[in-house]
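This report covers one protein model.

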Amino acid sequence: KQARSSWPSLRSALRLIVDGSDEANPTDVAHIFSGYAPVSVRLVQQAVSGQWLGLEDALRMLPGPLFEVRPQTGASPQRPSPGVSPPRLSYGNNAIGDEGEAEQREERPVVLVVFVGGCTYAEVSALRWISRRPGASRRYMVLTTHMCSGTSLMAELIDKVENNLAFGPAGSAA
């Protein structure tokens, strides 16, 4: 018996394919990927918007267990005491906590997105694009075990193919 693909259901439930994106004024993250929105980025969007309702069936199609962790009722983020300046963070050449736009970004909550097993530079770029949109209510920080680019993916695949050719499929010398 042949297994049925979950792709059509996931594509529809998470709006993974978006046709007719306006190149001049993109409104959807799928614009970055020529009409495709990565599952990981769509899941983050759904999680922060609270729109999980109705997605349980689609989420069960993804590998791994399905669970939800909710913060304790009444828990709120700790704010610095009056007169105490917040810590200065820096990212690249941009200091966060300085005057101007960086100060406004500090007021938005930060969402920590964790990728166990790695993510692509494009997924990080998509999350940055979302946080820079006008009216964006959150910033995203990415924690990952590995960053993957097209070059690193191809190098790893070529290395595996060369090893397989040299040692045979079972790993024994040919």
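Helices (H or I, at least four residues) and strands (E, at least two) are DSSP runs, numbered from the N terminus.

## Model and layout

The model is predicted: local features need pLDDT of at least 70, side-chain atom pairs count only at pLDDT 80 or more, and totals for chains, interfaces and linings use all residues. Residues are numbered from 1 along each chain as its sequence is written, and side-chain values use heavy atoms, with hydrogens and water left out.

The protein has 6 helices and 6 strands. Their order along the sequence is α-α-α-β-β-α-β-β-α-β-β-α. Of the 174 residues, 24% count as buried (under 20% relative accessible area; exposed is over 50%, partly exposed in between; 1.4 Å probe, protein chains only). Take contacts (heavy atoms within 4.5 Å) between residues at least 6 apart in sequence: 58% join residues at least 24 apart.

## The loop between α1 and α2

Arg15 lies in the loop between α1 (7–13) and α2. Its phi is positive, near 50 degrees, though Arg15 is a residue other than glycine. Arg15 is partly exposed, because its relative accessibility is 46%.

Ser34 sits in the loop between α1 and α2. Ser34 is not a glycine, yet its phi is positive, about 55 degrees. Ser34 is exposed, with a relative accessible area of 76%. Most residues other than glycine have a negative phi.

## Strand β3

Side chains alternate along β3. Val111, Val113 and Phe115 point to one face and are buried.

β3 pairs with β5 (residues 139–144) in the parallel sense, over 6 bridges. Pairing requires at least two bridges found by DSSP between two strands. Val114 stands opposite Leu143 in β5.

## Helix α5

Helix α5 (residues 121–132) has 12 residues. From first C-alpha to last, α5 reaches 17 Å, close to the 16 Å expected at 1.5 Å a residue. The expected span is 1.5 Å times one less than the number of residues.

The buried residues of α5 are Glu123, Val124, Ala126, Leu127, Trp129, Ile130 and Ser131. They pack against α2, β3, β4 (119–120), β5 and β6 (147–148).
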